[in-house]
Amino acid sequence: KVILEVRDLHATVNGSEILKGVNITVKSGEIHAIMGLNGSGKSTFSKVLAGHPSYEVTRGEVLFENQDLLALAPEERARAGVFLAFQYPVEIPGVANNQFLRLAYNTVQEQRGEEELDPLEFDDFVREKMKSLKMNPDFLDRSVNEGFSGGEKKRNEILQMALLEPRLALLDETDSGLDIDALRVVASGVNQLANKDNALVLITHYQRLLDYIVPDFVHVMEAGRIIKTSGKELAKALETHGYDWLHSAEQTAG
Ligand code: ADP
Ligand code: MG
Ligand code: MG
């Protein structure tokens, strides 16, 4: 079953075209990795999918479960079952994390016509989830992301994902400073949450995350297009040979 279908997506920011015809099809049960050098358009792609107001789609379409994702407001995309880590605010001083998580959870539950949870019920629920993800519940009482370390932000992102149970999760691993513990948190969370009914798109500059998460497909983005798609072995080859190798390999193949 196709969850995400992106066709000939073009997008501009500040009048310059960054995405120049992205095509990608993601089916349920699949994990996709999008790799590429800095500046190739990976984060632009994720921001366009999130509905960031600075990015204008000039051509192409994005279908999420056969509906026009681009026609939905950013918050509607989340409610429809798309999880984009960065669409959540980075810091909200004064709002406790458990309040924030409950609001996010209940908003989605309401949209789905499912039961909302009061603070006590939610507290039990979230602690149970955290236990299964082997997370320390300490940061539930802190202000949202205020003073969170890189690793804690990652944990919280994975926890949000676990609570919201999205059909499609798109994680842009922009933080190159993640230590090995944070990588493991992301990886084990993702591996635990991936199932046959959902799909995951992981955007990463670094191959090392893919030592822990085994993707079904690896795509390489360059200059606003996906220039190559292959299996998990592509990530290893890129690590060994670098991105330039793609061009020399093309030449060799004629
Ligand atoms: P990646 O995530 O692959 O490193 P980005 O999507 O962040 O790439 O950037 C792709 C290109 O778009 C870069 O050349 C970058 O300078 C440009 N770009 C991204 N955001 C903006 C912006 N807000 N204004 C102008 N140019 C931008
Ligand atoms: Mg970048
Ligand atoms: Mg980026």
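User: Before we start, what counts as a helix here?
Analyst: A helix is a DSSP run of H or I with at least four residues, numbered from the N terminus. Keep in mind that this is a predicted model.

User: OK. Where is phenylalanine 122 found?
Analyst: Phenylalanine 122 is in helix H4.

User: What does phenylalanine 122 touch, leaving out residues up to four places away in sequence?
Analyst: Arg102, Tyr105 and Leu117. Tyrosine 105 is 17 residues away along the chain, with 9.0 Å between its C-alpha and that of phenylalanine 122.

User: And H4 as a whole, how many of its residues are buried?
Analyst: One of 14, so H4 is hardly covered. H4 covers residues 119–132 and reaches 20 Å from its first C-alpha to its last, close to the 20 Å expected at 1.5 Å a residue.

User: What follows H4?
Analyst: Lysine 134, with a positive phi near 55°.

User: Switching to the ligand. Which residues are around ligand 1?
Analyst: Val13, Asn14, Ile18, Gly36, Asn38, Gly39, Ser40, Gly41, Lys42, Ser43, Thr44 and Ser54. By class, that shell has nine polar, two nonpolar and one charged residues.

User: Which helix gives the largest share of the shell?
Analyst: Helix H1, residues 42–50, with three residues.

User: Why is H1 called largely enclosed?
Analyst: Because seven of its nine residues are buried. They are Lys42, Thr44, Phe45, Ser46, Lys47, Val48 and Leu49. Lys42 and Thr44 also belong to the ligand 1 shell.

User: What comes after H1?
Analyst: Glycine 51 follows H1, and its phi is positive, near 85°.

User: Last topic, helix packing. How do the axes of H3 and H5 cross?
Analyst: The axes of H3 (residues 97–111) and H5 (residues 150–164) cross at roughly 30° and come within 10 Å. The crossing is right-handed.

User: Which residues meet there?
Analyst: From H3, Asn97, Leu101, Ala104, Tyr105 and Val108; from H5, Asn156, Gln160, Leu163 and Leu164. That contact divides into six nonpolar, three polar and no charged residues. Tyr105 is also one of the residues that phenylalanine 122 touches.

Methods: Residues are numbered from 1 along each chain as its sequence is written. Chains are lettered from A and ligands numbered from 1 in the order in which they are written. This is a predicted model: local features need pLDDT of at least 70, side-chain atom pairs count only at pLDDT 80 or more; totals for chains, interfaces and linings use all residues. Helices (H or I, at least four residues) and strands (E, at least two) are DSSP runs, numbered from the N terminus. The expected span of a helix is 1.5 Å times one less than its number of residues. A residue is buried if 20 or more other C-beta atoms lie within 10 Å of its own, exposed if 12 or fewer, and partly exposed in between; C-beta atoms are placed from the backbone. A residue is near a molecule or strand if its C-beta atom, placed from the backbone, lies within 6 Å of it. Ala, Val, Leu, Ile, Met, Phe, Trp, Tyr, Cys and Pro count as nonpolar, Asp, Glu, Lys and Arg as charged, and the others, Gly among them, as polar. Axes are lines fitted to C-alpha atoms, for helices over the stretch in contact, and angles run from 0 to 180 degrees between N-to-C directions. A crossing is left-handed if the near helix is turned anticlockwise from the far one by less than a right angle, and right-handed if clockwise. Two residues are in contact if their C-beta atoms, placed from the backbone, lie within 7 Å.
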